[in-house]
Amino acid sequence: MFTLYTYFRSSAAYRVRIALILKGLDYHSVPVHLVRDGGQQHQAQYLARNPQGLVPALALEDGTTLTQSLAIMEYLEETCPQPALLPADAAGRARVRAIAQAVACDIHPLNNLRVLQYLQQELKVGDAEKTAWYRHWISEGLKGVEALLRSHPATGTFCHGDSPTLADCCLVPQVFNAARFGCPLDDFPTVRRIVEHCNTLPAFELAAPGRQEDAE
């Protein structure tokens, strides 16, 4: 059994929860509260496991700890290849990785908790300006993802074809957070259609923030 160090609202941890459940892998959750106690991810005990002070981290049975959500999901794909979260063909795998990275590498880093905290605590940005920052970069990012999805023949019920992939694991949490911040999503009908369908599946429902033991 894996041990997942997680936080219910972390979109990166949310991605990994979806992947674990889709693959039918058992795991034990250890909540790491990103706000309480000054951020439990900064405590020495957690930093010894993940020196970056970020969630998620996935501890294996042999004591190895994996970090970075995309790397963790790739590990799961390599060690538990079925059900597959990457297509069989090289071009398809590249496309799925591109969509996943558009979310995880382009959208998420500009809007994660430590960036928003820096804006407010160090640059003294107000709540309205912080929210405007968040919504601007979400809109810019999802505009690109919508374009990748809307006109591509490989887009199906999911981001790629008719079974969930790593791209869907990344997209659903990002849209959840966008909705939490009141970001308008009307301009992204393909994104919304795919996310709405994903959220009807048990794996996505079980991985959702509100279903986690540390949900507030």
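A residue is called buried when its relative accessible area is under 20%, exposed when the value is over 50%, and partly exposed in between. The model is a predicted one, and every value below is computed from it.

**A buried histidine in a loop**

His33 sits in the loop that runs between strand E2 (27–31) and helix H2 (44–47). Its relative accessibility is 9%, and because that value is under the 20% cut-off, His33 counts as buried.

Four strands form an open sheet in the order E2-E1-E3-E4, and their pairing is mixed. E2 and strand E4 (65–67) are the edge strands, each of which pairs on one side only, and the twist from one strand to the next averages 25°. As background, strands of a sheet pair through backbone hydrogen bonds, in either a parallel or an antiparallel sense. E1 and E2 are joined in the parallel sense over five bridges, with His28 in E2 as the bridge partner of Thr3. Strand E3 (residues 57–59) and E4, by contrast, run antiparallel and are joined by three bridges, and here Thr65 in E4 is the bridge partner of Ala59.

Helix H1 (residues 11–22) lies across strand E1 (2–6), E2 and E3, and runs at about 155° to E1. Helix H3 (residues 69–79) also packs on the sheet, where it touches E1, E3 and E4, and its direction makes about 125° with that of E4.

How many of the residues of E1 are buried? Five of its five residues are buried. In a regular strand the side chains alternate between the two faces of the sheet. In E1, Phe2, Leu4 and Thr6 lie on one side and Thr3 and Tyr5 on the other, and all are buried, so that both faces of the strand are covered.

**A helix pair**

The axes of helix H5 (residues 113–121) and helix H6 (residues 127–150) come within 10 Å and cross at roughly 145°, and the crossing is right-handed. On the H5 side the contact is made by Val115, Leu116, Leu119 and Gln120, and on the H6 side by Asp127, Lys130, Trp133 and Tyr134. These residues divide into five nonpolar, one polar and two charged.

**Backbone details**

Most residues other than glycine have a negative phi, and most peptide bonds are trans.

| Site | Backbone feature | Value |
|---|---|---|
| Val55 and Pro56 | cis peptide bond | omega about 5° |
| Gln82 and Pro83 | cis peptide bond | omega about -10° |
| Asp37 | positive phi | about 60° |
| Gln68 | positive phi | near 70° |

Pro56 is placed in the loop between H2 and E3, while Pro83 is placed in the loop between H3 and helix H4 (90–111). Asp37 belongs to the loop between E2 and H2, and its relative accessible area of 55% makes it exposed. Gln68 is found in the loop between E4 and H3; at 43% relative accessibility, Gln68 counts as partly exposed.

**A buried threonine between helices**

Is Thr155 buried or exposed? Thr155 has a relative accessible area of 17% and is therefore buried. Its place is in the loop between H6 and helix H7 (166–180). Not counting residues up to four places away in sequence, Thr155 touches Arg95, Leu148, Leu149, Gly161, Thr190, Arg193 and Ile194.

Conventions. Residues are numbered from 1 along each chain as its sequence is written. This is a predicted model: local features need pLDDT of at least 70, side-chain atom pairs count only at pLDDT 80 or more; totals for chains, interfaces and linings use all residues. Side-chain values use heavy atoms; hydrogens and water are left out. Helices (H or I, at least four residues) and strands (E, at least two) are DSSP runs, numbered from the N terminus. Buried means under 20% relative accessible area, exposed over 50%, partly exposed in between (1.4 Å probe, protein chains only). Axes are lines fitted to C-alpha atoms, for helices over the stretch in contact, and angles run from 0 to 180 degrees between N-to-C directions. A crossing is left-handed if the near helix is turned anticlockwise from the far one by less than a right angle, and right-handed if clockwise. Contact means heavy atoms within 4.5 Å. Ala, Val, Leu, Ile, Met, Phe, Trp, Tyr, Cys and Pro count as nonpolar, Asp, Glu, Lys and Arg as charged, and the others, Gly among them, as polar. Two strands pair if DSSP finds at least two bridges between them.
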